[in-house]
Amino acid sequence: MTAPQSSAPPTADLLARLAALLGPSGILTDSSDIAPYCTDWRSLYHGRAAAVLRPAGTAELAQAVALCAEAGVAMVPQGGNTSMVGGATPDESGRDIVVCLSRMNRVRRIDPLDHTMEIEAGVTLKAAQDAARDAGLMLPLSISSEGSAQIGGVLATNAGGNNTVRYGNARELVLGLEVVLPDGSVFNGLRRLRKDNTGYALRQLFVGSEGTLGFITSAILQLQPQPRAVEAALCAVADASAALTLFAAFRDQDPALIQAFEYMSGAGMELVTRLVPGASLPLAEAAPAYVLVELATPRRNADLRAALEDVLAGMFEAGTVSDAVIAESEGQRLALWKLREEHAEAQRRAGASVKNDVSVPVSRVPELIDRASAACAALIPGIRPAPFGHIGDGNIHFNLVQPEGMDPADFLAQDHRIMDTVAAIVRELDGSFSAEHGVGRLKPYMMPDWRGDAELATMRRIKDAIDPHGLMNPATLFPPAG
Ligand code: MLT
Ligand code: ZN
């Protein structure tokens, strides 16, 4: 049984001690300064916090955590505040303290021979990618929010994104981790070893734990060689089945070349091109669905363009692809990616939306899209399914935009009905109700049903062992005990 949430509100004395420890730039207590930290990117949650801490380093954070723990005050870690499931937003009690590591933003070292990077939690993913590239290497993790998302949050949520199909999720990139535990002690696992069988791989416990077990403060990440050639194409297809036929053709040619393989519905693309300034479709006409495929290789003298054209020619002939455009410059490649990466923003502009970040075995994606679209249309007439995402690893963002003209609040009031309808189909297809966004505050209610007694009980025992007083991110991941 998880310890009941029994956190205390911070006293004036605790806040004074934290202020003395962290200095004026390390603590915010003014309500207008705190406000941006109390709402999530999607505006689903509007919490309250007693203070925001912004420590400058691990030692400072460790001391601050020890003070909070001693006082029984709950802490909510927050990185770039880009969670899709409210996982970094404090609850409404006003007792929690938000802890933000954005001042811990140094890339400490890059070891070219080891292919590793030691990096602090507050570095944005984009800055980390740039640092790796400047060193002639690549950090192969790419998500739509990479300009704001920070390494600490990316690891705490085990982010996936566009390159999972080739390099895996964040978890696969983590060799070492430093964590401040809920009592203020520091677990220093900053080892950069490929082989290290010395007991439990504790670092993996913290990756994906959504801030419920401690604060990830820095990490050793595994890098890849920088590709010498990259080719991207946007392809028009009839549906998700055709997209998978195309995927199979690229995989059959050489699976090691596929760096990203993304699906977009015609409805999603229409929202992007209509609502996002500067986004336009580079094809003669709109299609029912699209694939953005990116090939990349570090090999010298590889004719990647020929490889891309070879598969596309075969697929044109077979009628699988009806039109396609190949990026002729880096600018065009980025323009193609903009069409994909602006999907979430376009949906936000279109009104309220319900997101279902789900995964199924790759082969079952077409059935998922067909069945879930029909079921949601039967549930709420006029609902606008706009599925898109990482079809190459079976992860579809089965997002639904509110019917035109409906009150957004009325639509959002039905979010559980919609999510449960989609989830029931996902379950029949042997999938997961949360592929890469995590559980956050949005989906803990689904945990008992999906994770069964033994699995959830084991998670609770781990939580209780590491955070016995339930002080770390208490509203996230676990359903209320009892
Ligand atoms: C993406 O891949 O763009 C995201 O995970 C966003 C979303 O689900 O809306
Ligand atoms: Zn995604």
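**View 1. Asparagine 81 in its loop.** Asparagine 81 sits in the loop that links β3 (75-78) to β4 (97-100), where helices (H or I, at least four residues) and strands (E, at least two) are DSSP runs, numbered from the N terminus. The model shown here and in every other view is predicted, so local features need pLDDT of at least 70 and side-chain atom pairs count only at pLDDT 80 or more, whereas totals for chains, interfaces and linings use all residues. Residues are numbered from 1 along each chain as its sequence is written, while chains are lettered from A and ligands numbered from 1 in the order in which they are written. Although asparagine 81 is not a glycine, its phi is positive, at about 60°. Asparagine 81 counts as buried because it has 21 C-beta neighbours inside 10 Å; a residue is buried if 20 or more other C-beta atoms lie within 10 Å of its own, exposed if 12 or fewer, and partly exposed in between, with C-beta atoms placed from the backbone.

**View 2. Asparagine 473 in the segment after α17.** Asparagine 473 belongs to the segment that follows α17 (447-466). It is not a glycine, yet its phi is positive, at about 40°. With 32 C-beta neighbours inside 10 Å, asparagine 473 counts as buried.

**View 3. Helices α1 and α3 side by side.** Two packed helices are described by the angle between their axes and the distance between the axes. Here the axes of helix α1 (residues 12-22) and helix α3 (residues 58-71) come within 10 Å and cross at roughly 175°, where axes are lines fitted to C-alpha atoms, for helices over the stretch in contact, and angles run from 0 to 180 degrees between N-to-C directions. That crossing makes α1 roughly antiparallel to α3, given that angles under 35 degrees count as roughly parallel, over 145 as roughly antiparallel, 65 to 115 as roughly perpendicular and the rest as oblique. On the α1 side the contact is made by Leu14, Arg17, Leu18, Leu21 and Leu22, and on the α3 side by Glu60, Gln63, Ala64, Leu67 and Ala71, two residues being in contact if their C-beta atoms, placed from the backbone, lie within 7 Å. Sorted by class, this contact of α1 with α3 has seven nonpolar, one polar and two charged residues; Ala, Val, Leu, Ile, Met, Phe, Trp, Tyr, Cys and Pro count as nonpolar, Asp, Glu, Lys and Arg as charged, and the others, Gly among them, as polar.

**View 4. The surroundings of ligand 1.** The residues around ligand 1 are Met84, Ser144, His343, Ala344, Lys355, Asp357, Gly389, His397 and Asn399, a residue being near a molecule if its C-beta atom, placed from the backbone, lies within 6 Å of it. By class, this shell around ligand 1 has two nonpolar, five polar and two charged residues.

View 5. The 14 residues of helix α16 (residues 415-428) should span 20 Å at 1.5 Å a residue, and the end C-alpha atoms are 20 Å apart, which agrees; the expected span of a helix is 1.5 Å times one less than its number of residues. Buried in α16 are Ile418, Met419, Thr421, Val422, Ala423, Ile425 and Val426. These buried residues of α16 pack against β16 (353-354), β17 (357-359), α14 (365-379) and β21 (400-401). Just after α16, aspartate 430 takes a positive phi of about 65°.

**View 6. Leucine 304 in helix α11.** Leucine 304 has its place in helix α11 (residues 304-317) and is partly exposed, with 18 other C-beta atoms within 10 Å. In sequence, leucine 304 and glutamate 231 are 73 residues apart, but in space they are 6.8 Å apart, C-alpha to C-alpha. Not counting residues up to four places away in sequence, leucine 304 touches Ala229, Glu231, Leu295 and Thr297.

**View 7. Glycine 394 between two strands.** Glycine 394 is found in the loop between β19 (388-390) and β20 (395-397), and it counts as buried, with 23 C-beta neighbours inside 10 Å. Although glycine 394 and valine 362 are 32 residues apart in sequence, they are 4.2 Å apart in space, C-alpha to C-alpha. Once neighbours within four places in sequence are left aside, glycine 394 is in contact with Ser359, Val360, Pro361, Val362 and Val365.
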